[in-house]
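Me: I would like to learn how to read contacts and ring pairs in a model. Please take them in turn.

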Amino acid sequence: MPPMRHFLGHVARNGSLAAVIILFCLGLGVLGYHALCGLPWLDALVNASMILGGMGPVDPVRSAAGKWFESLYALFSGVAFLTSVGIFLAPLAHRILHRFHLEKMQAEEEQ
């Protein structure tokens, strides 16, 4: 089993990567809501955050371009959020698989 320090390094690295992905996606959403939907910066941030978090939009969008953006951003956000959660949890899953492998090897040695 790799040492705990090694495991925590993987958690920190993957957590940082997941945070970068989320911040990048949030930035795209804020820019899109501001440019295509005509929302002020703070309202664009709120809408992008709510979509990215899976809650849904706050402000109604009136323009056709804004509605297209909002639809595509919602689909993109779902995939991006699940991807970032998977990246964050990968070291934990890997450690669990290591533990199962060690238990299996120990059981085979005892036989």
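Reply: Contact means heavy atoms within 4.5 Å. This is a predicted model, in which local features need pLDDT of at least 70, side-chain atom pairs count only at pLDDT 80 or more, and totals for chains, interfaces and linings use all residues. Residues are numbered from 1 along each chain as its sequence is written, and side-chain values use heavy atoms, with hydrogens and water left out.

Me: With which residues is Asn 14 in contact, leaving aside its neighbours within four places in sequence?

Reply: They are Ile 87, Phe 88, Ala 90 and Pro 91. Asn 14 itself sits in helix α1, residues 4-37 (helices are DSSP runs of H or I, at least four residues, numbered from the N terminus).

Me: Is Asn 14 buried or exposed?

Reply: Buried means under 20% relative accessible area, exposed over 50%, and partly exposed in between, with a 1.4 Å probe and protein chains only. Asn 14 has 18%, so it is buried.

Me: How is a pair of aromatic rings described?

Reply: By the distance of the centres and the angle of the planes. Rings of Phe, Tyr and Trp (its six-membered ring) pair if their centres lie within 6.5 Å; planes under 30 degrees apart are stacked, over 60 edge-to-face, and the rest tilted. The count here is 4 aromatic pairs.

Me: Why is the pair of Tyr 33 and Tyr 73 edge-to-face?

Reply: Because the planes of Tyr 33 and Tyr 73 are at 85°, with the ring centres 6.3 Å apart. This pair links distant parts of the chain, helix α1 and helix α3 (residues 64-110), 40 residues apart. Phe 69 and Tyr 73, in contrast, are stacked, at 5.5 Å centre to centre and 15° between the planes.

Methods:
Helices (H or I, at least four residues) and strands (E, at least two) are DSSP runs, numbered from the N terminus.
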